[in-house]
Amino acid sequence: MTAYFPAARLRRAAFIGVLCAGLAVTGTGCGEDPDEGTNGIGKLSADKIEAKAKAAAGEAESVHLSGTLVTGGKSFTLDMRLKSDGGSGEVKSQDDTFQLLRVGEQLYLKANAAFWGQSDSAGKLGDKYVKVPEGDPSYKQFRGFTDMDVLLDGLLGLQGKLAKGSYTKVGHTRAVQVTADAGKGGKLSVSLEGTPYPLIMERAGGAGRVELAEWGKPFPLVAPAQDQTVDYGSQLPTTKDGEAKGTQTKGPESTKGSGQGSNPTQP
């Protein structure tokens, strides 16, 4: 006997099939587990996801950090590779662009002649690695841009009541969002694949957005060649107004917050 299926039943079955296929694209398909194949942190509470992400970041040996950072009333664009014993990369502000390289405690600053302004030595220092003396007032500020612990501790702070957001993708990596104060206190995207590393941090109050990638990927840190280095002594050169170039740079040490309730945009 040939089975008989009313047309309405066939249409209903086709509709359900299309619906489930569409939902599967967003990871919430009919009968499918959205956490299948993940590291499982999506099943945790928002507080625990944030804690896992911070712990993973704290144990990582290196990271590539890029994006914008607003601190001390100034906006910086960063592209830095960082690890425990140093870092290298470029920092841009509205006024200046410079490169930083730190190997251990030795810090080097590279910029064009315009960066040094009216310094008598500007022509000699342009596009050279200038050794930043540890006793110079700007050393700590510049060093902060190369300090993995300082940057991560300051950046990864959500402010307010936490809530678990939707599943998303950062590049090709599946992630889960954690928001604070309905997004006003920041948003953190955490990897659902492998180690639960932070992937994107949107800071509270519009204080910047950074991407965090290449966690644990090794990279070389080597001091510049001697013929590319200038050692200016115990202090960076001063401009003709008598102020050392660098003392007006507000380093990222001011971004450090203590978590919920703190304001990392304040000095």
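What percentage of the 267 residues of the protein count as buried? The figure is 42%, where buried means under 20% relative accessible area, exposed over 50%, and partly exposed in between (1.4 Å probe, protein chains only).

Some ground rules before you click. This is a predicted model, in which local features need pLDDT of at least 70 and side-chain atom pairs count only at pLDDT 80 or more, while totals for chains, interfaces and linings use all residues. Residues are numbered from 1 along each chain as its sequence is written, and side-chain values use heavy atoms, with hydrogens and water left out.

**Stop 1: colour by confidence.** pLDDT is the predictor's confidence in each residue, from 0 to 100. Its mean over the protein is 82, and 75% of the residues reach 70 or more.

Stop 2: The 12 strands form an open sheet of mixed pairing, in the order β7-β8-β9-β10-β11-β1-β2-β3-β4-β5-β6-β12. Two strands pair if DSSP finds at least two bridges between them. Select β7 (162–170) and β12 (229–231): these stand at the edges with a single partner strand each, so one side of each has no neighbour in the sheet. From one strand to the next, the twist averages 20°.

Zoom in on β8 (residues 173–180), which pairs with β9 in the antiparallel sense over five bridges. Show Thr-179 and you'll find it opposite Lys-187 in β9.

**Stop 3: helices on the sheet.** Select α2 (residues 46–59). This helix packs on the sheet, touching β7, β8, β9 and β10 (198–202), and its direction makes about 60° with that of β7. Next take α5 (residues 148–155), which touches β1 (62–71), β2 (74–83), β10 and β11 (208–213), at about 55° to β1. Angles run from 0 to 180 degrees between N-to-C directions, with axes fitted to C-alpha atoms, for helices over the stretch in contact.

**Stop 4: charged pairs.** A salt bridge here is a side-chain nitrogen of Lys or Arg within 4 Å of a carboxyl oxygen of Asp or Glu, and the count comes to nine.

- Lys-131 and Asp-231 meet at 3.8 Å, N to O. Lys-131 lies in β6 (residues 128–132) and Asp-231 in β12, so the pair ties together parts 100 residues apart in sequence.
- Arg-143 and Asp-147 meet at 2.6 Å, N to O. Arg-143 is buried at 17% relative accessibility, and Asp-147 is buried at 13%.
- Glu-90 bridges to Lys-92, with the closest N and O atoms 3.9 Å apart. Glu-90 is partly exposed at 28%, and Lys-92 is partly exposed at 40%.

Terms used
Helix = DSSP H or I, 4+ residues; strand = E, 2+ residues; numbered from the N terminus. Contact = heavy atoms within 4.5 Å.
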